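Subject: Structure handover and findings

Hello,

Here is the structure I promised to pass on. My notes on it follow below.

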Amino acid sequence: MSLHLNRRALLLGAAALSAPLAAPRLLRAQSPLRVGDQRGNARAVMEAAGVLKDLEGRITWSEFPAAAPLVEALNAGAIDTGLVGDAPFTFGAAAGVPAKAIAATRQKQDGLAILVPKDSPIRSFADLKGKRIATGRGSIGHQLVLAALEANKLPQDAVIFVFLLPSDAKAAYSSGAVEAWSTWEPYVSQEEVLAGSRRVQDGNGITPGLSFQAARDDAIAARRPELEDFVRRLARARAWANGNIPAYAKSWSELMKVPEPVALQWFERARTRVVPIDDAVVADEQGNIDLYTRAGLVRRRVRAEDILDRSFAAAIAAGNAAA
């Protein structure tokens, strides 16, 4: 009798383990957080700082050549979260991408710049009137040119935009097919250090220097603990990098196959840090939205407060404190 009961208990236990409702819960618990990145960005600094060592199998990374396709992946539900500049994030939000910024990064804006070749006769932004500027449509480089036009009281058609992805923009710039390139790091430091390019305009004083960790609305609802853990680790990694610039520059240069002086220049002057979504970030992002609205690039009303999520501030503060 006891043998029969034991066999029955075992069978019932096996049936419970294989019940249809148990498997989906197990799969959801094990599915990794899908993170979008651009090469040499979040993953590079997090690996260098050693904050990913215990996350094996809990994150899958997707690499994108620029922010625009990363935002498209967010919109399509191919990734849960990704780091993008404020310009592509704003355009995505205006287009209805179901995502919000859960954290921001700030940095000095020397590395967001309009470059000209070292032997170019162009000496100032005003000299670019009628000239061709390569940049990415909807990128922070695009934002920089728009802000510079406003700061110099020039109309949008004072320059000729040539919209290209970074690799194509570099080729056009190097060949002389365009007179200038509005771009970001590491391209700015690469051109300055390796080719002697000059900055005729940078972002200091005219752009806020924001990037955003954006996350899909459904991921914020369903995966908050994982997203909080991710931004905590990212903040810790950025703080570590600022305190260990030579070590990070060496690691990054080996990963990217780029000369170390390029990385040293970038990291020394940028001092990138992760910050929470606060009143200052909201105000700066609203300024971006208003710039694009005046330029006719955003045609529907967008409020910064509606596309930024302040609720991850404690996780970011914990990451910065732990570094």
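I start with helix α3, where Ala-42, Ala-44, Val-45 and Met-46 are buried. Buried means under 20% relative accessible area, exposed over 50%, and partly exposed in between, with a 1.4 Å probe and protein chains only. Helices (H or I, at least four residues) and strands (E, at least two) are DSSP runs, numbered from the N terminus.

This is a predicted model: local features need pLDDT of at least 70, side-chain atom pairs count only at pLDDT 80 or more, and totals for chains, interfaces and linings use all residues. Residues are numbered from 1 along each chain as its sequence is written, and side-chain values use heavy atoms, with hydrogens and water left out.

Around α3

The buried residues of α3 pack against β1 (33-38), β2, α10 and α11. Contact here means heavy atoms within 4.5 Å. Just after α3 comes Gly-50, with a positive phi of about 75°. Gly-57 sits in the loop between α3 and β2. Gly-57 counts as exposed, because its relative accessibility is 53%.

The chain as a whole

The chain has 323 residues, and 48% of them count as buried. Its secondary structure comes to 15 helices and 11 strands. The C-alpha trace spans about 100 × 45 × 35 Å along its principal axes. Take the contacts in the chain with a separation of 6 or more: residues 24 or more positions apart account for 80% of them.

Helix α11

How far apart are the end C-alpha atoms of α11? They are 16 Å apart, which agrees with the 16 Å that 12 residues (245-256) should span at 1.5 Å a residue. The expected span is 1.5 Å times one less than the number of residues.

The buried residues of α11 are Ile-245, Tyr-248, Ala-249, Trp-252, Ser-253 and Met-256. They cover an arc of only 130° around the axis, so they lie on the same side of α11. That arc is taken from the directions from the helix axis to the C-beta atoms. The cover over these buried residues includes α3 (42-49), α10 (224-243) and α12 (260-270).

Loops to check

Lys-257 follows α11 and lies in the loop between α11 and α12. Its phi is near 60°, a positive value in a residue other than glycine. Lys-257 counts as exposed, because its relative accessibility is 70%.

Arg-271 is in the loop between α12 and β11. It is not a glycine either, yet its phi is positive, about 50°. Arg-271 counts as partly exposed, because its relative accessibility is 36%.

Pro-186 is placed in the loop between β8 (180-183) and α8 (187-195).

The sheet

An open sheet is formed by 6 strands in the order β2-β1-β3-β10-β4-β11, with mixed pairing. Two strands pair if DSSP finds at least two bridges between them. At the edges are β2 (59-64) and β11 (273-275), each pairing on one side only. Neighbouring strands of the sheet are turned by 30° against each other on average, direction ignored. The axes behind that angle are lines fitted to C-alpha atoms, for helices over the stretch in contact, and angles run from 0 to 180 degrees between N-to-C directions.

Strand β4 (residues 99-106) pairs with β11 in the antiparallel sense over 3 bridges. The bridge partner of Ala-104 in β11 is Val-275.

The cores

A nonpolar core is a set of buried Ala, Val, Leu, Ile, Met, Phe, Trp, Tyr and Cys residues joined through side-chain atoms within 4.5 Å. The largest has 52 residues; Phe-89, Ile-114, Leu-128, Phe-212, Ile-277, Val-281 and Leu-308 have the most contacts inside it. Elements that each supply at least two residues of this core include α4 (67-76), α5 (86-94), β5 (113-116) and α13 (279-294). The most comes from α6, with 7 residues.

Another core, of 37 residues, lies apart from this one; Leu-33, Val-51, Phe-230 and Tyr-248 are among its members.

Best wishes
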